[in-house]
Amino acid sequence: MSEKKMVDAGSRVALGRRQWISMVGGMAAAGSLGLASGDVLAQAPRRGGVLRIVAPLQPTSMDPYAGRHGNDHVYLFPAFDSLIDVDLDTLEPKPGLAQSWSFPDSTTLVLNLRPGVVFHDGTPCDAEAVRYNLERAKSHERSNVKIDMKSVDSIAVTGPSQVTLKLTKPDSVILMTLADRAGMMSSPTAIKAAGNEYGRVAVGAGPWRLVSWKDNEKLVYERHPQYWAKDVALLDGLEFSVIPEVNTGLRTVVAGQNDFVYGLAPQQKPIIERSGLQMVQGSTLATWQIYLNYSKPPFDNVKVRQAMHYALDRDEFSRLTTAGMAEPTTQTLPRGHWGYDKTLEGTYKHDPKRARELLAEAGYPNGIDVEVIGRNDQRSQQQAEVLIEQYRKSGIRLKFMNVPANELGAKFMGERIGNAAVSVYTGRVDPSQLYSIMFDKSSFINASRMEGAPGLEAAMEAARAVYDKEARRQAVWKIQRIVHEHALYVPLALQPELDAMSQRVKGFKPNLLGKPRFHGVWLAAS
Amino acid sequence: MQGSRWSRLLGRRLVQVGPVAILATFVVFALVQLIPGDLAIALAGEHTTEERIAEIRRIHGLDRPFLVQYGTWLWDAVRGDLSVSLLTGESVLTSIAQRLPNTLVVVGSALVISMLVGIPLGIAASIRPGSRLDGFVTVIASLGIALPGFWLAMILVATFAMTFQWFPASGSVALTEDWRASLRHAALPAMALAASGIAEVARQTRSALLEVLSSQYVRTLYAKGLPQRLVFWKHGLKNISVTLLTVFGLLVNRMLGATVVVEAVFAIPGMGSLIVNAATGKDFPVVQGVMLTMVAIVIVLNLLIDILYTALDPRVDRR
């Protein structure tokens, strides 16, 4: 049963891939591509060339432990290998710097490291280096991943290529923790030499090494000659140009100044189609959603929260704000994810009448006034206009207070002003992480600072305590159903990924993380 | 005698540097506190707790009283340590060293354009006050002052970069790398900045020249039989040089401020974009560092102008 479902999940993604390939092929047929799709597949990958990438933001830090933004990963992936890798189609763990692992008991994790791996500075990536890194993740004052390492009690070197982690309690999320920032290994020599400035230099064991970082302008990488895996670093180098304005970014690719741009807005789709560039699109884990503060009225009443779902027309929201590109959702996980719950499909269908009834049952026959904290950028304000109009029809009067993006957290989650906030949540690979961040009593993002529904904390604990795939899926579904039934937040739509690249770029695949990775990408001869 | 005059001037100016720098950085430091947002929350990342945010405040000293924070920054700055950016970890000195040249090229070009175009326009207008030419110059000057720099910048990009493709639309190149490319990149932003400069220089030149030409000693010169050409070029222009120097000094200050907007339109990695990013992120070490650099530039420039005043008009020193 479990295996079958996994295959199902995989094939859905495979279909996505095929769609992508056929889309490229379709564009070729339409004459917008120089090569037929068959040629694309037939060409053999070649080594060489520098891929010039446009990025909307620069990394907040190149120290994986000190960074703080989801966009950082695009810069971290080339420079750092993590202990556990992720299958980008299903988001399941696969061997990384640890070529195998085992749980001899529910609170012990043994990692067997790949022998012979070296960091960019020649320091061996051995068991001692891994122990040094994990201790740093767990206790260094600059570490923002401390909270992810909470369940790790001790880290011991148990062989030249073996590290054993003792956990305070069973924690199946630990694998995904080690596949994310906490598992990205840095050279201990470089960390010790750079001190607090390590965030600017980044010495990992990834396929490319960071050569230079000119603030808010350019990051340059070149191939790590001793990289352990073949056919990953096909490109001689990567060059990221930081261009915050997406239209300018796309223009530079159209003009041939750059090869690849990511994070484009749906409104740019027609421009890409006209330009003759390759277009890449897919669903991601990032979700637009309405956060609710259910510790105070009116959202302390579950019926009012449910009314927030029924009053919403997600299809219209997607159509008006993203030209239909965004996948409407009532759960954060995209379809390809192993934790996606099909039974939740079709729930909370748009029903303004039902919303009004629920409000009346909750004691608000005249509707409610909701103070919402929103972001003041143009795209967010457009979304706000759509939401105001949709909710108005059900007697829910949204009053937006629009603030700069960096102030939203401080206002809604820090000062706990307002009843709701609309923002994008970048998501996490493991659903347990995602729900902990959203609903844990002590999590900063949970503006309510309380357990949202009876049994939720127990369900979250239980999901971390099981290791078997199918049992985990069932446990995750249990959390999802509690969250869903109690309407603890209002997911709107999954943020779509939209990238554009020149015809020379081959072998690139979008992923559920929505964060481009250039492993295996190559440039055709010009 | 000459030497002591300069050293006196220099001494007087240096005494002013300290208080001006302290006052300016203190006011800016206080203003940064008023900017909305919480740096500690931004630094903590997505998955965090209130305890971790408190820890970050402690690590970066953000929990200390305002005056202590400012005092610490000032003490470090006096010892030559401008600290590192809280948001990017980059040394503030490095950031400034990378960006200042880009801004200076743009502002420098704008100043040259302002003077080269503004002075002849002003002279032309003053030769026959009330003439058609004078009216034309007045209209140009009024437009230059009235048009917002960012609007003009966008029009210039649309016309000369996108349509005719004579100049690049964005970015900058270091002077040391390729001076021709550097000037080509600086041309459009400099023109946008120079519009108000040209206007100001033209108007000031015109009114100063008219004043000089209507003064008694000029009448005496005419009475002595000097030709108009000589009176105009030798006596008239020399006497308005002090006015032009004053205008020049004011223009530099204003353009250093106005470059913020123009840099944004042309995506130039200069001091303007540096301070905007830092201020919106409440990254106070960077804001303070940029402020201090700007104050230093303005003070040094004013000092140079003072020296030139005394050279051009010895009465200035005697006053």
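Two exercises on a predicted model follow, each with a worked solution.

Residues are numbered from 1 along each chain as its sequence is written, and chains are lettered from A in the order in which they are written. Because the model is predicted, local features need pLDDT of at least 70, side-chain atom pairs count only at pLDDT 80 or more, and totals for chains, interfaces and linings use all residues.

**Exercise 1.** Describe how helices α6 and α8 of chain B cross.

Solution. Start with the elements: α6(B) covers residues 132-146 and α8(B) covers residues 179-213. Next, take the axes, which come within 7 Å and cross at roughly 140°. That makes α6(B) oblique to α8(B) (under 35 degrees is roughly parallel, over 145 roughly antiparallel, 65 to 115 roughly perpendicular, the rest oblique). The crossing of the two helices is left-handed (the near helix is turned anticlockwise from the far one by less than a right angle). Finally, list residues in contact (C-beta atoms, placed from the backbone, within 7 Å): B:Val137, B:Ile140 and B:Gly144 are among those of α6(B), and they meet a set in α8(B) that includes B:Ala195 and B:Arg206.

Methods
Axes are lines fitted to C-alpha atoms, for helices over the stretch in contact, and angles run from 0 to 180 degrees between N-to-C directions. Helices (H or I, at least four residues) and strands (E, at least two) are DSSP runs, numbered from the N terminus. Two residues are in contact if their C-beta atoms, placed from the backbone, lie within 7 Å.
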